[in-house]
Amino acid sequence: MPSLRTTLLVDSIVCFVYGAVLTIAADSLSTLFTTNPISLLGYSLPDALRILGWSVLGVGLYVCVVGCAKPIRPIAVWLVIGIEIAWTVGSVLLLAWIGNTLSWIGIAFIISSAVAVLGFMILELIGLQSLYERQI
């Protein structure tokens, strides 16, 4: 089982890569994800993907700072977990909202990212548990 620090640092790397891909390839991804132009909260899909990409890069930076801190602060990890819960719930809501306009690639992309985020969240919860046990 990886340490909490390792989990956080790998999580941050995945966020950096994912955010960069969303930001740089927003136009290409939008054509893969849907066949019809859609609007998300008034933004075109490419613009929404760019905004999401920049947001994920910001989260990745925060997760990296948390993972590099000595000692790791549990409250900071709980904030990471809260963000991951929001991502997972948001993914389910997004599929319910626009799932019928997405291609199978778009649906697979949303589901796979939600599963990956859920996996990191589980590893971080396990790491937090071991952190608490060491403090007792």
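These are my notebook entries on one protein chain, read from a predicted model.

**Entry 1: the whole chain**

I began with the secondary structure. The protein chain has 5 helices and 2 strands. I read their order along the sequence as α-α-β-β-α-α-α.

Next I looked up the extent. The C-alpha atoms fill a box of roughly 55 × 25 × 25 Å along the principal axes.

Of the 136 residues, 38% are buried.

I also checked how far apart in sequence the contacting residues are. Among contacts with a separation of 6 or more, 77% join residues 24 or more positions apart.

I noted 5 positive and 6 negative side chains. The centres of the two sets lie 14 Å apart.

**Entry 2: Ser-12**

I looked for Ser-12 and found it in helix 1, which covers residues 4–24. Is Ser-12 buried or exposed? Its relative accessibility is 1%, so it counts as buried, the cut-off being under 20%.

I then listed what Ser-12 touches, leaving out residues up to four places away in sequence. The list is Gly-60, Val-63 and Cys-64. I placed these three in helix 3, which spans 45–68.

**Entry 3: the aromatic rings**

I searched the whole structure for aromatic pairs and noted 3 of them. How are the rings of Tyr-18 and Trp-87 arranged? Their centres are 5.9 Å apart and their planes stand at 75 degrees, so I wrote the pair down as edge-to-face. Tyr-18 lies in helix 1 and Trp-87 in helix 4, so this pair ties together parts that are 69 residues apart in sequence. Trp-87 has a relative accessible area of 22% and is partly exposed.

Tyr-18 also pairs with Phe-109. Here I noted 5.4 Å from centre to centre and 15 degrees between the planes, a stacked pair. This pair links distant parts of the chain as well, with Tyr-18 in helix 1 and Phe-109 in helix 5. The two residues are 91 apart, and helix 5 runs over residues 104–135. Phe-109 is partly exposed, at 23% relative accessibility.

Which residues do the ring pairs join into a cluster? I wrote down Tyr-18, Phe-33, Trp-87 and Phe-109.

**Entry 4: Thr-88**

I moved on to Thr-88, in helix 4, residues 74–98. Its relative accessible area is 18%, so Thr-88 is buried under the 20% cut-off.

What does the side chain of Thr-88 reach? I found the backbone oxygen of Glu-84, at 2.9 Å. Setting aside neighbours within four places in sequence, Thr-88 is in contact with Ala-114, Val-117 and Leu-118.

**Entry 5: Glu-124**

Glu-124 lies in helix 5.

Glu-84 had already come up in my notes, with its backbone oxygen reached by the side chain of Thr-88.

I also took a distance to Leu-41. The C-alpha atoms of Glu-124 and Leu-41 are separated by 31 Å, and the residues are 83 apart along the chain.

**Entry 6: the loops**

I looked at the loop between strand 1 (39–40) and strand 2 (43–44), where Leu-41 sits. Phi of Leu-41 is near 55 degrees, a positive value in a residue other than glycine. Leu-41 counts as exposed, at 74% relative accessibility.

Gly-42 lies in this loop between strand 1 and strand 2. Gly-42 is also exposed, with a relative accessibility of 68%. I noted 31 Å between the C-alpha atoms of Gly-42 and Trp-78, residues 36 apart along the chain.

My last stop was Pro-71, in the loop between helix 3 and helix 4. Is the peptide bond from Lys-70 to Pro-71 cis or trans? I wrote down cis, with omega near -5 degrees.

Note on methods:
Residues are numbered from 1 along each chain as its sequence is written. This is a predicted model: local features need pLDDT of at least 70, side-chain atom pairs count only at pLDDT 80 or more; totals for chains, interfaces and linings use all residues. Side-chain values use heavy atoms; hydrogens and water are left out. Helices (H or I, at least four residues) and strands (E, at least two) are DSSP runs, numbered from the N terminus. Buried means under 20% relative accessible area, exposed over 50%, partly exposed in between (1.4 Å probe, protein chains only). Contact means heavy atoms within 4.5 Å. Lys and Arg count as positive and Asp and Glu as negative; His and the chain ends are not counted. The place of a charge is taken as NZ of Lys, CZ of Arg, CG of Asp or CD of Glu. A polar contact is a pair of N or O atoms within 3.5 Å; within protein, one must be able to donate a hydrogen and the other to accept it, and residues adjacent in sequence count only if both atoms are side-chain atoms. Rings of Phe, Tyr and Trp (its six-membered ring) pair if their centres lie within 6.5 Å; planes under 30 degrees apart count as stacked, over 60 as edge-to-face and the rest as tilted.
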